[in-house]
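Dear colleague,

I am passing this structure on to you, together with an account of what was found in it. Please open it alongside the text, and read the account with the model in view.

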Amino acid sequence: MAAKQQNRILYLRTFRSRPDHRLVVSLALAVANPGKLVIVGPAEDEARLRQWTRAHVSDDNTIHQHIEYIVCSDDQWRREVNLQISKASCVLLYMAPKRRKFPSLRAPKAGDFEDFYSSPVKEPVTGPGLLREIVYLRRLDKLKSTLLLCAASDLPYFSRLLRDLPIHTGLGPDMTPLLGFYLFQNTPKGLQPMVPRISAYDRQLVNLRAARGLISFRKGVFSRSSQVKFSHDLTELVNQVIRDSRSSRVQPDVMLGRSPRPRRLPPDGARKIIEFTNVEDLLYIPRYEIADVGLAEVLEILAEPEANHECLSCGASLSDILFYVRGLDRAANSSIRGRCQFCFEPMIVESGQLRWWG
Ligand SMILES: [Zn+2]
């Protein structure tokens, strides 16, 4: 029994504010044989879960033997989630919409280049926290150990979304740009955008195509028969993932915090110096050898009153832009590039100005 309990099945969910106690109990029971359900969250959420199980589950102490609740404050959350992802044998990622339904990711019907870039970036289709977790799953090589969970009513949307993501984002697996993919196309009506204007967060959804599987459950009505079927299917999938994942444990330490020393970092494993930002705070890390540049230095260069102090594309503040130089040696590289962490657009700092680049 003790050996079996060593498997950690990490449960990640979109919105903490929405009660998912019934689902948590079902998951804990379904994975009780291979291991423990691990949940990361604030103390008050754990208290609410305990309160709910006391009121609704006949043998609630047994349920809590199958759950390991890791209490963590908001400012430690990114670091803790990274650690827990790296320790997990299997990850269950519950995707839920922010409102009642997921928003559409279709391209805007009309508009030219200027309309497109002056329109706001679409709100993320699901919680930014969960989309950030998808980044960590990729970095820690855990997507192949990840099972996606969604309500049966969201399954058609989800299947379609996963299928169409390269069309929406222009990105293939590993976030690589698709060859021959164009943002705009010439049509009889003029230049038309081919994609919605989505944020760096939603682009992370592309990674979900590499997840191990997708399983749905009937929301609300956990009738005995549907509960049995769901548990059976889930247990089987979790066991398969655990069997295959034994040999792939990536240490998360290198992916966390800041360091003046070069580290091999995603997406390409090239040596990079990231010393002014925590790696876990970055959604997008450029390829090749790079060294980041502090905001203070960039502000000094952009000292002219007419210099732009926000992202040229989405208006995010300079602190949301990763500034860097190519290579590890600052002396040999004078041009400072920037990559907005919210809209993904590349920029360059040139002659005291922030300019479009690429
Ligand atoms: Zn931006």
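**What was found**

Y288 sits in the loop that runs between β10 and β11 (290-292). Please keep in mind, here and below, that the model is a predicted one. The phi angle of Y288 is near 65 degrees, which is a positive value in a residue other than glycine. Y288 counts as exposed because it has 10 C-beta neighbours inside 10 Å, the cut-off for exposed being 12 or fewer.

A positive phi is also found at S351, where the angle is about 45 degrees although the residue is not a glycine. S351 belongs to the loop between β14 and β15 (353-356), and S351 is exposed, with 8 other C-beta atoms within 10 Å. A further backbone feature is the cis peptide bond that joins P266 and P267, for which omega is about 5 degrees; P267 is placed in the loop between β9 (259-264) and β10 (271-274).

**The two domains**

The domain assignment of the protein gives domain 1, covering 4-245, and domain 2, covering 259-356. The C-alpha centres of domain 1 and domain 2 are 29 Å apart, and 15 residues of domain 1 are in contact with 12 residues of domain 2. On the side of domain 1 that touches domain 2, the elements that give two or more residues are α4, α6 (128-139) and α8 (200-203). By class, that side of domain 1 has 6 nonpolar, 3 polar and 6 charged residues.

**The parallel sheet and its helices**

An open sheet is formed by 6 strands in the order β3-β2-β1-β4-β5-β8, and the pairing is parallel. At the edges stand β3 (67-71) and β8 (213-217), each with a single partner strand, so one side of each is left without a neighbour in the sheet. From one strand to the next, the twist averages 25 degrees.

Within this sheet, strand β1 (residues 7-13) pairs with strand β4 (residues 90-94) in the parallel sense over 5 bridges, and I9 stands opposite C90 in β4. Helix α4 (residues 77-87) lies across β1, β2 (35-41), β3 and β4, and α4 runs at about 170 degrees to β2.

How do helix α1 and helix α2 pack, in angle and in distance between their axes? Helix α1 (residues 21-30) and helix α2 (residues 43-56) pack at an angle of about 80 degrees, and their axes are 10 Å apart. That angle makes α1 roughly perpendicular to α2, since angles of 65 to 115 degrees count as roughly perpendicular. The contact is made by H21, V24 and V25 on the α1 side and by L49, W52 and T53 on the α2 side. Divided by class, the residues of this contact are 4 nonpolar, 2 polar and no charged.

Strand β12 (residues 321-326) is mostly covered, with 5 of its 6 residues buried. β12 is joined to β11 by 3 bridges, and these two strands run antiparallel; the bridge partner of A291 in β12 is V325. β12 also pairs with strand β13 (residues 336-340), again in the antiparallel sense and over 4 bridges, and in this pair Y324 stands opposite R337 in β13.

Is P346 buried, exposed or partly exposed? P346 is partly exposed, because 15 other C-beta atoms lie within 10 Å, and the class of partly exposed falls between the cut-off of 12 or fewer for exposed and that of 20 or more for buried. Leaving aside residues up to four places away in sequence, P346 touches R337, R339, W357 and G358. The C-alpha atom of P346 is separated by 15 Å from that of L183, a residue 163 places away along the chain.

With best wishes

Terms used. Residues are numbered from 1 along each chain as its sequence is written. This is a predicted model: local features need pLDDT of at least 70, side-chain atom pairs count only at pLDDT 80 or more; totals for chains, interfaces and linings use all residues. Two residues are in contact if their C-beta atoms, placed from the backbone, lie within 7 Å. Axes are lines fitted to C-alpha atoms, for helices over the stretch in contact, and angles run from 0 to 180 degrees between N-to-C directions. Angles under 35 degrees count as roughly parallel, over 145 as roughly antiparallel, 65 to 115 as roughly perpendicular and the rest as oblique. Ala, Val, Leu, Ile, Met, Phe, Trp, Tyr, Cys and Pro count as nonpolar, Asp, Glu, Lys and Arg as charged, and the others, Gly among them, as polar. Two strands pair if DSSP finds at least two bridges between them. Domain bounds come from an automatic or database domain assignment.
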